[in-house]
Amino acid sequence: MTPHIVIVGAGPAGSSAAILLAQRGARVTLLERARFPRDKTCGDGCTPRALWMLERLGLGALPDEVGAPVDSVRAVSPGGLTWNAVIPERLFGGRASVVPREVLDERLVRRAVQVGATLREGVRVVGLERARDALRVHCQTGEPLDADVVLGCDGSPSVVRGALGAPAFPEHEGAFAVRAYYEDVRLTHPRSMGFFWEEALLPAYGWIFPLPGGRANVGLGMRADQLAASGARLPELLERFCASPHVARELTGARRVGRVKGHHLPYGSSAHQTTFDRALLLGDAAGFVNPLTGEGIEFALESGAFAAETLVEAFSTGDLSARGLHGYARRWRPRFRTAFRLNRRLMWAFERPRMLDRVFRIANQETWAGDELIDVLSGEATRLSWRFLAAVTFRS
């Protein structure tokens, strides 16, 4: 009998797993509480690795069709130092893109349907129940579904995560981010992802990412416990960010469209328990978010691939217990964990204006230091060289 996989949440993680499983002949049901096209609060940035994953999923042309091409990074330090860097070819061809999630997520889920997955929209999952040889998925309306395996891809907070008994994410291991869209934007560097660390707003950091048609995604993020301690409100901090000199110059003549939206981001450094009997957690529901930049799309897409590979392996043995699904952790841990832990530690440096100024100064002076920094901001770094650490620590 063909195994039935129920995937809760049809974002990048859920759709990635659905595409790869359906292509292997599995019976896949995708449950999504919204209806497509639907928005998702996000920076919309697709890293070089994310574009590589989209190619694997059969959507390689998507970024060129509907995204804004990006081939460089522009960062401004608290002291006003600017660092510009071209994304090197060694990072998956040096291409990145900014694709609105309203478009990206719909194209991904339609690809899943194209290759054989069943999509059910407007379905709100409210809980799970363990049956003898299945997991029963309870929805707010309609009959429950029985699944051989459930994939929790329902973001943060995750109903599936809670139903499986996984612990909540610690407050200090997550952030809140807000973003707004602007139109009539004339960026000084229209092919760059812009990162800004304004001294008056630290430990928050902000971004401006170009979008097609003269639009931009403008946002700000801050660690959850620091935000609570400050008593500040992120929408107000975003207003201050947009009025700061470096950002205001980029937004001269631009106009905000729509409302400011916020979202919780659980850090990957708190990703631990992701494997259960007949169930896996993917994407934000697992905590697969870069602690330094808030990037999650590439990790969501890749976790979907890891889950699909694991299930194909488990179905061949017939062992769907947590032990039988351990191949999932065996795949994601060496790929994600070291980078997440490094970036979590780097947050300390990126919240200190003098040290961050020093990092950018050295990156401007030394090509090798710039190469290491671009790896960090692209989510590809797993370590920093002793030469980099010594230069930041001792060079004036």
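**Figure 1. The largest nonpolar core of the predicted model.** This core contains 75 residues, and those with the most contacts inside it are I7, L21, V137, V150, L151, L282 and F288. A nonpolar core is a set of buried Ala, Val, Leu, Ile, Met, Phe, Trp, Tyr and Cys residues joined through side-chain atoms within 4.5 Å; buried means under 20% relative accessible area (1.4 Å probe, protein chains only). Helix α10 gives the most to this core, with 10 residues. A second, separate core of 45 residues includes W197, V289, I374 and L377. The model is predicted: local features need pLDDT of at least 70, side-chain atom pairs count only at pLDDT 80 or more, and totals for chains, interfaces and linings use all residues. Residues are numbered from 1 along each chain as its sequence is written, and side-chain values use heavy atoms, with hydrogens and water left out.

**Figure 2. Surroundings of I7.** Neighbours within four places in sequence set aside, I7 is in contact (heavy atoms within 4.5 Å) with G14, A17, A18, V28, T29, L30, L31, L151 and C153.

**Figure 3. Contact of helices α1 and α10.** In α1, the residues P12, A13, S16, A17, L20 and L21 meet A300, L301, S303, G304, A305, A308, L311 and V312 of α10. By class, this contact has 11 nonpolar, three polar and no charged residues.

**Figure 4. Helix α12 and its packing.** Helices (H or I, at least four residues) and strands (E, at least two) are DSSP runs, numbered from the N terminus. The buried residues of α12 are P353, L356, D357, V359, F360, I362 and A363. They pack against β5 (72-76), β6 (82-86), α11 (327-350), α13 (367-377) and α14 (386-394).

Key. Nonpolar A, V, L, I, M, F, W, Y, C, P; charged D, E, K, R; others polar. Buried < 20%, exposed > 50% of the residue type's maximum accessible area, 1.4 Å probe, protein only.
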